[in-house]
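I opened this entry to record what I looked up, one topic at a time.

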Amino acid sequence: MLEIRNMDVFYGDVQVIWDVSFQVKPREVTALIGTNGAGKSTTLKTIAGLLRPSNGGIFFNAEDLSTVPAFQRIDRGMVLCPEARRLFIEMTVEENLDMGSLRGRAKQQRRQTKDMVYELFPRLKERRRQIAGTLSGGEQQMAAIGRGLMSLPQLMMFDEPSLGLAPILVREIFEVIRKIQADGTTVLIVEQNVKQTLAIADRAYVLEHGRLVMQGRGQDLLNDPHVKSAYLGM
Amino acid sequence: MIKLEIFLQTLIQGLLLGGLYSLIGVGMTIIMGVMKIINLAHGELMMVAMYIAYVLFTAFQIDPYFSILIAAPVLFFLGIALQKYLINPVLRVEAIIPENQVILTVGIGMVLANLATIIFQSDYRQTPLSYASKTWYLQDYWKSSPVDLSITAPWLVTFLVAVLITLGLWFFLARTDMGKSIRATAQDSEAAMIMGVNVDRMRVITFGLGSALVGAAGCLFIPIYYIYPDIGGQFTLISFVITILGGLGSTVGAILGGLVLGLFESLTATYVGMGWAPVGRFAIFVAALVFLPGGMASLLKSKRMK
Ligand SMILES: Nc1ncnc2c1ncn2[C@@H]1O[C@H](COP(=O)(O)OP(=O)(O)OP(=O)(O)O)[C@@H](O)[C@H]1O
Ligand SMILES: [Mg+2]
């Protein structure tokens, strides 16, 4: 579904992603793990089109995305729930959801999809007229996921969805992601919560200093000695 | 009784002026919100619209209020052209002066003012309208009214049209997908991009829209004022004050800011002296910077928190 080939990414003169290649298979949960500053967010932003790779290619459903501007990638069926949520904080919850369905089929089905999102997150329905900036962290994350879902994505990318949430909410978010995958959406997730992430991941890649150093099935990585000592503190 | 009458009349006049100010300020404000630049050619764009309305009136006897239908679209495309071919290229280069786009807008304003001087000379011009001095008095309608208040036709029409356009803008921004996309671009352009907003296009459209709004304001000003090529500068200043007063980029803030400024200027003119209105404008500007750095928008917000 998504294939990254030999990707290099720079910020100005500084290279932060080095020759990264990986694949996301349809209907799977693929995880990208790594320490702070490893380049996980950079990778997702590049896939979303906010950054351009200086080398290598990104292919989505076999289409080369190098000439597809960021704002058209959502039409192709991919959406990013960015790091720190990035809601439109002066808009209401409902307006934020509308922003996820600006184009094409997503726009036609806005009403139905919104009902589905409200069913998934009843809290959002209660607060649909509330300004997004005044939501709690957990509610904001739900709104951000809801906004992404409004685009009817084939591939949903999550950048640290559990960031700053209490353990009970973390579990809830992971359950939601699991549900999203069960409904047929492919998931690419970046997380610091390595244990929980690997537990739901079909496939995982480990990124260190901008390079892929390891890959495997989620369960296998959970038992890997390097992963255990570096990421699980065991 | 006379005192009360003067006071009420001053408030009415301030409100009427404020409605127009809101429209002038809101154009600069949406450009500020989306592009993060202050368009210091804003008043000069208004001046261009005024001369369009003036020429349409003298050549074809088209009423200035109808000229809005011509001048606003012309200004829309003028704004788009300025943004696309002058401001955008400058936004992209790294320059020694960080705010060079703003300086560019000053340059654009100067060029427009000078072109107007070349074409129209620096004469003061007016459009003599048949209804210019038509006035309604309260006591004509309500005989036993304790105070007699008056309102002139052009002022009233100008105010009503300004309010109508401002409401239209509000509806557009609040209810339509394109309006929401413009607001989203102002709040977080990267997130907007991810959600499928063509951010570059929104910037261009916003600049056009802001110019069209002030263009409409220019036509509304014609029936109540006279024009000369350098008139733009004072309106650039006025919209700047309103934008600051409103809280840099808040539309509702700008609307309130316009009303407050209109009322304040009117009060200054009545109680301090005609020539003092600009001083009042500066006073409120400085006061806003010192005491209300977040503008009206921050007041609205803190209220919402409670
Ligand atoms: N806008 C930027 N300009 C310059 N360098 C940047 C920028 N954003 C990130 N970097 C650098 O790129 C590297 C990778 O950053 P990135 O945000 O992708 O890491 P990350 O894996 O997501 O980390 P975290 O887990 O802390 O979110 C870091 O060294 C960071 O300092
Ligand atoms: Mg990150």
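Predicted model: local features only at pLDDT ≥ 70, side-chain atom pairs only at ≥ 80, totals over all residues.

**Entry 1: the interface**

I then looked up the residues involved, and 20 residues of chain B are in contact with 25 residues of chain A.

Turning to charged pairs, I found six salt bridges between chain B and chain A. I took one of them as an example, the salt bridge between Asp98(A) and Lys180(B), in which the closest N and O atoms lie 2.9 Å apart.

Which helices of chain B each supply at least two residues of the side that touches chain A? I found H7 (177-187), H8 (189-194) and H13 (295-305), and the largest share, six residues, comes from H7(B). Sorted by type, the residues on this side of chain B are nine nonpolar, seven charged and four polar.

**Entry 2: the magnesium ion**

I next looked up which atoms coordinate the magnesium ion (ligand 2), and they are OG of Ser41(A) and OE of Glu83(A), at 1.9 to 2.6 Å. The pair links distant parts of the chain, 42 residues apart: Ser41(A) belongs to helix H1 (residues 40-48) of chain A, while Glu83(A) sits in the loop between strand S6 (78-81) and helix H3 (93-99) of chain A.

Is each of these two residues buried or partly exposed? Ser41(A) counts as buried because its relative accessibility is 17%, under the 20% cut-off. Glu83(A), at 32% relative accessibility, counts as partly exposed.

**Entry 3: Thr268(B)**

Last, I looked up Thr268(B), which I found in helix H11 (residues 251-271) of chain B. Thr268(B) has a relative accessibility of 11% and therefore counts as buried. What does its side chain reach? I noted that the side chain of Thr268(B) reaches the backbone oxygen of Phe264(B) at 2.5 Å. Leaving aside neighbours within four places in sequence, I recorded that Thr268(B) is in contact with Gly273(B), Trp276(B), Ala277(B) and Gly280(B).

Notes
Residues numbered from 1 in each chain as written. Chains lettered and ligands numbered in written order. Heavy atoms only, no water. Contact = heavy atoms within 4.5 Å. Salt bridge = Lys/Arg side-chain N within 4 Å of Asp/Glu carboxyl O. Helix = DSSP H or I, 4+ residues; strand = E, 2+ residues; numbered from the N terminus. Nonpolar A, V, L, I, M, F, W, Y, C, P; charged D, E, K, R; others polar. Donors = N, O, S within 2.8 Å, 3.2 Å for Na, K, Ca; no water. Buried < 20%, exposed > 50% of the residue type's maximum accessible area, 1.4 Å probe, protein only. Polar contact = N/O pair within 3.5 Å; in protein donor to acceptor, adjacent residues only side chain to side chain.
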